[in-house]
Amino acid sequence: MKMSRLALWASALATALTGAAAAQDYPVKPIRIIVGPGPDVLARIVGQKLTDAWGQQVLVDQRPGAGGIIAADSVAKSPADGYTLLLSTGTYTTIPSLYSKVPYDFERDFAPVTLLAQLPFLLVAHPSVPAKNVQELVQLARARPGQLNYASSGNGTTAHLAGEMLKSMAKINIVHVPYKGTVPGVIDLVAGQVHIMFAIIQSSLPHAQAGKLRALAVSGSKRSSSAPTVPTISESGVPGYEFISWNGVHVPAATPGAVSGKLNAELLRIITLPDVKERMLGLGMDVAGGTPEEFGALVKSDIAKWAKVIRDAGIKAE
């Protein structure tokens with residue numbers, strides 16, 4: 001028999017009251033932040049501040065492997081009570097298009113809490129490459145199709161996809177050279193074994209400042225706080241280009257909204273603390289923030305964007 005409208009309303013009210021009560025008491029036990037491909041240092045910075053504020057220990061639990069699938073699956077299968085958080089990254093928006101079988105649906109099985117940081121990449125070149133900016137790089141690549149190459153942190157990684165998006169938008173042919181991580185790629189770039197690379201600012205900017213690499217542009221829609229004198233790709237040769245990796249927090253989808261709201265408010269407070277902002281800047285991160293709805297819209301947009309890039313480039317996860 002179908003529930004009456006009164007019964008449905010009563011059920012919804014009871015659920016809301018239960019969630020509100022849970023949020024009022026939350027947290028009453030330790031919290032875990034599960035980290036897959038994201039930077040565990042950010043989880044530790046945030047986790048310590050949560051511990052200080054709430055008096056409950058926050059544990060950082062690294063679950064590497066399968067591009068983040070193992071970490072996300074463990075959170076998706078955890079109780080939806082606010083005690084198991086996922087340090088989410090832009091990588092999770094590429095997984096649906098890279099893997100044919102994923103044990104969860106990122107949009108369905110997770111609820112966004114807040115965006116913590118945005119991480120534009122730095123497009124850097126070895127000094128032997130005769131291009132001082134993106135416009136000259138594009139001209140060079142068109143004059144020498146297939147002769148220039150770019151390193152990435154691995155097949156299917158966001159750095160790889162950033163390069164493929166540049167190839168598509170600039171209509172150039174450059175060869176992908178995948179490495180097992182950012183550091184090996186940067187080492188070979190400094191040694192002149194590869195020509196260019198999209199690399200996180202923290203690992204590449206010091207080499208550019210030392211003259212070992214040439215910083216051509218940042219990948220975001222605006223200049224980075226970590227490298228304010230370096231122009232964006234969009235403003236220096238490829239209009240409309242935008243690639244930003246990010247880190248945020250997600251929880252299992254059924255987590256009470258009141259609990260997620262309490263987490264959101266506290267995390268927003270934490271990332272605006274001067275010492276936290278300074279540490280994030282040192283990691284090449286721009287402080288973000290925002291509502292769960294804004295974060296959810298970003299996830300949805302990125303899933304669609306990367307699906308096209310991956311499909312057009314014919315990329316498959318190894």
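User: Which handedness does the crossing of α2 and α10 have?

Analyst: Handedness is about which way the near helix is turned from the far one: clockwise makes a crossing right-handed. In this predicted model, the crossing of α2 and α10 is right-handed.

User: And at what angle do the axes of α2 and α10 cross?

Analyst: Roughly 110 degrees, with the axes of α2 (residues 40-54) and α10 (residues 257-271) coming within 10 Å. That makes α2 roughly perpendicular to α10, since 65 to 115 degrees counts as roughly perpendicular.

User: Which residues in α2 and α10 meet?

Analyst: On the α2 side you'll find Val46, Lys49, Leu50, Ala53 and Trp54, and they meet Lys262, Leu263, Glu266, Leu267, Arg269 and Ile270 in α10. Sort the residues of that contact and you get seven nonpolar, four charged and no polar.

User: What angle do α7 and α12 pack at?

Analyst: Read it like the first pair. The angle is about 75 degrees, and the axes of α7 and α12 (residues 292-313) are 10 Å apart, so α7 and α12 are roughly perpendicular to each other. Leu161, Ala162, Glu164 and Met165 in α7 meet Lys305, Trp306, Val309, Ile310 and Ala313 in α12. That contact has seven nonpolar residues, two charged and no polar.

Methods. Residues are numbered from 1 along each chain as its sequence is written. This is a predicted model: local features need pLDDT of at least 70, side-chain atom pairs count only at pLDDT 80 or more; totals for chains, interfaces and linings use all residues. Side-chain values use heavy atoms; hydrogens and water are left out. Axes are lines fitted to C-alpha atoms, for helices over the stretch in contact, and angles run from 0 to 180 degrees between N-to-C directions. Helices (H or I, at least four residues) and strands (E, at least two) are DSSP runs, numbered from the N terminus. Angles under 35 degrees count as roughly parallel, over 145 as roughly antiparallel, 65 to 115 as roughly perpendicular and the rest as oblique. Contact means heavy atoms within 4.5 Å. Ala, Val, Leu, Ile, Met, Phe, Trp, Tyr, Cys and Pro count as nonpolar, Asp, Glu, Lys and Arg as charged, and the others, Gly among them, as polar.
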